Amino acid sequence: MYSFNYSKPDTIEAAREMMRSAEDGIYLAGGQTLIPAMKQRLSAPTDVIDLSSIGELTDIDVSDGRVRLGALVKHADVAGSDAVRSAIPALADLAAGIGDAQVRNRGTIGGSVANNDPAADYPAALLGLGASVHTDQRQIPADDFFVGLFETALEEGEIITQVAFPVPDRAAYAKFPNPASRYATVGVFIGVRDGVTRVAVTGAAPCAFRSAEIEAALNAEISARSLDGITIGADDLNNDIHASAEYRAHLVTVMAKRAVTALPK
Amino acid sequence: MSIDITLTVNGREINTEVSPETTLVQLLREHLLLTGTHVGCDTSQCGACTVHLDGRAVKSCTVLAVQADGSEVTTIEGIAVAGGLHPMQAAFHQCHGLQCGFCTAGMIMSAIDLVTREDDLDEATIRKGLAGNICRCTGYHNIVKAVQMAAGQMEGRGHE
Ligand SMILES: Cc1cc2nc3c(=O)[nH]c(=O)nc-3n(C[C@H](O)[C@H](O)[C@H](O)COP(=O)(O)OP(=O)(O)OC[C@H]3O[C@@H](n4cnc5c(N)ncnc54)[C@H](O)[C@@H]3O)c2cc1C
Ligand code: FES
Ligand code: FES
């Protein structure tokens, strides 16, 4: 790791100010992505601004048909929250399946969403549930938030404060984990609310996306059978040592069927 | 830049200065000479460096020492009870849950956190719970047995 300056502001305003005055600043949340990246010198900031003392970012609130998770809420807290589990069990299960126990004890939803790793789990939940990302500046619908490979709609210095999920009628997530990291080789999240089905795919492409084909099939009839015959094109999918693009394309429909089957009745 | 931090390590208050890029495991091993915690990969994969930070298992190679300011840290050196082994240590010994021992400190710290948190520890739950700890030697079988044995013994002892 290169050396850097470290600060731990108590408020969002102070964090923004520190970011403004830093030559090349970066926010730190759970550090489960940033610290490994800094060790590999993929990231070499002059200033690390630790958000962990900003108290208002750690709240979990389930009310008025919404699950609101503060940006600093850890994966283990989502997995272990009875309130989240009773409102959106698929979201608690998704969090319980991220990485390993030690990663879940540190990693945060804000960090995961800001990082937008193509194989991360949360982006699928945000897209599949039609969530919105709240920042210190504005609210961004998930559909507009995940822009590309490790790229989001966040502006320079903008801080995620909260992610708000509308409670669906039913939802399920199925992932084919990479056996070493548990990142999604392919993961499919399905959310059904007011008769409308949303289907989000992570791991398959450079950025999580909604599958119009699978949504159309499931909006006609919610059953694994209605996905028979649907094939996903491999052209724009990821191809790496873990899985070929064709294999990932195949996994999308397999995981979609598993998610449909796992939907609570 | 160096930063003044105060934390509790195995019940002892430590006040020291660290540079921001110092990881928690470097503080433990190199500054405090608590070398029971190992570094296997230094890339957040293997779990050999697992310690408890405010009661939760974390990979200490993936936490900055400055992030532990104001926290309580427990390492393998801090778990023995009244001069004897912690039940988890004793169970690893008894079940032959280690061979070279390199992963063991991390395994034990993860396993204690798991047993403290989960009530229903069947084999699948234990394997999933220890997914962040890699062992090159044992094939995990005896580790799972050891955790099961210790879980029975830790009940009623008042969890950590
Ligand atoms: C071994 C291992 C396995 C993993 N497996 C999985 C997995 O299976 N699925 C999965 O989804 N993830 C996985 N992860 C990633 C993990 O979930 C990370 O915790 C997460 O991606 C980043 O969250 P963090 O809080 O650690 O963020 P950090 O590492 O602290 O930050 C990540 C990035 O987000 C920015 N950031 C953080 N918080 C904010 C904020 N509030 N506003 C704006 N920007 C912010 C930071 O500046 C940084 O650029 C794994 C990680 C490891 C080490
Ligand atoms: S040394 Fe920390 S995870 Fe391997
Ligand atoms: S006992 Fe050798 S690595 Fe586990």
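How many residues does the contact take from chain B, and how many from chain A?

Guide: The contact takes 28 residues from chain B and 26 residues from chain A, where contact means heavy atoms within 4.5 Å. This is a predicted model, in which local features need pLDDT of at least 70 and side-chain atom pairs count only at pLDDT 80 or more, while totals for chains, interfaces and linings use all residues. Residues are numbered from 1 along each chain as its sequence is written, chains are lettered from A and ligands numbered from 1 in the order in which they are written, and side-chain values use heavy atoms, with hydrogens and water left out.

The size of an interface is often given as the accessible area lost when the parts come together. Between chain B and chain A the buried area is about 2100 Å², and carbon and sulfur atoms give 53% of it. Buried area here is the accessible area (1.4 Å probe) that two parts lose on being put together, summed over both. On the chain B side, Glu21(B), Thr62(B) and Gln67(B) lose the most area to chain A, together 26% of what that side buries.

Next come the polar pairs. Between the two chains there are 12 residue pairs in polar contact, both residues being at pLDDT 80 or more. A polar contact is a pair of N or O atoms within 3.5 Å; within protein, one must be able to donate a hydrogen and the other to accept it, and residues adjacent in sequence count only if both atoms are side-chain atoms.

Several elements of chain B take part: strand E3 (50–53), strand E4 (56–59), helix H3 (104–117) and helix H4 (123–129) each supply at least two residues of the side that touches chain A. The largest share, 4 residues, comes from E4(B). Helices (H or I, at least four residues) and strands (E, at least two) are DSSP runs, numbered from the N terminus. By class, this side of chain B has 11 nonpolar, 10 polar and 7 charged residues. Ala, Val, Leu, Ile, Met, Phe, Trp, Tyr, Cys and Pro count as nonpolar, Asp, Glu, Lys and Arg as charged, and the others, Gly among them, as polar.

Side chains of opposite charge can pair when their charged atoms come close. The structure holds 17 salt bridges over all chains, and the count between chain B and chain A is 2. A salt bridge is a side-chain nitrogen of Lys or Arg within 4 Å of a carboxyl oxygen of Asp or Glu. In one salt bridge, the side chains of Asp42(B) and Lys39(A) meet at 2.7 Å, N to O. This pair crosses between chains, from Asp42(B) in the loop between helix H1 (24–31) and E3 of chain B to Lys39(A) in helix H2 (residues 34–39) of chain A.
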